[in-house]
Amino acid sequence: MAPAPTRGAARVVRCGVVGLATGLLAVLAHASGGGHVPSLPHVLVFALAIAWTCVPLTDRQLGLTELLGLVGVVQVAAHVFLGVLSSHPRDVPPAPSMALTHLAATAIVVAALAGFEQAVFRLAAVLASVLPRRLSPPPAIAPLRIPIAAHAPQPLSEVLRRRTLPRRGPPHS
């Protein structure tokens with residue numbers, strides 16, 4: 001059975017691609033707009049933070065509006081993050097050229113990630129149609145739990161009546 005792209009390793013790869021593509025292109029856009037380029041550890045930590053943030057979003061296929069919102073927020077966060085890291089705090093409000101490069105980066109990343117999402121989900125559908133399905137249930141890894149209905153609490157008068165006046169039945173031979 002083919003793994004779904006919303007679980008397991010495929011989901012981790014999707015988060016990693018979103019994080020790295022969005023984070024690295026945000027840094028490149030910031031640098032090409034005339035901003036400060038941080039060290040590689042800062043860039044990797046930022047990209048990993050983006051990938052970790054994407055985990056709750058990747059439980060389903062990401063649409064164009066979700067990708068646009070995610071990448072737009074990341075571009076703004078990247079600009080503020082890189083402006084704070086620079087030695088000049090005046091770099092936080094973006095210059096027009098900087099804003100244009102971030103907008104261009106957003107458009108590029110959204111287009112690339114939308115194509116990547118479609119390709120991943122199409123590939124998963126093709127694999128699921130070709131690969132054999134498991135016909136037997138998976139092996140048990142824990143004891144079977146059988147729910148037992150709890151007895152409704154009986155009033156004290158009912159308990160006493162059952163003990164003092166037992167039900168009558170036919171004589172035993």
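1. Helices here are DSSP runs of H or I with at least four residues, and strands are runs of E with at least two, numbered from the N terminus. On that basis the protein has five helices and zero strands, so the order from the N terminus reads α-α-α-α-α.

2. A word on the basis: this is a predicted model, where local features need pLDDT of at least 70, side-chain atom pairs count only at pLDDT 80 or more, and totals for chains, interfaces and linings use all residues. Residues are numbered from 1 along each chain as its sequence is written, and side-chain values use heavy atoms, with hydrogens and water left out.

3. Now the inside. Of the 173 residues, 27% are buried (under 20% relative accessible area; exposed is over 50%, partly exposed in between; 1.4 Å probe, protein chains only). The largest nonpolar core holds 16 residues, with Cys54, Leu67 and Leu113 having the most contacts inside it. Such a core is a set of buried Ala, Val, Leu, Ile, Met, Phe, Trp, Tyr and Cys residues joined through side-chain atoms within 4.5 Å. H1, H2, helix H3 (64-85) and helix H4 (96-130) each give two or more residues to this core, and H3 gives the most, with five.

4. Beyond its neighbours within four places in sequence, Cys54 is in contact (heavy atoms within 4.5 Å) with Cys15, Val18 and Leu70. Across the protein, 82% of the contacts with a separation of 6 or more are between residues 24 or more positions apart.

5. One more residue to look at: Leu40 lies in helix H2 and is exposed, at 59% relative accessible area.
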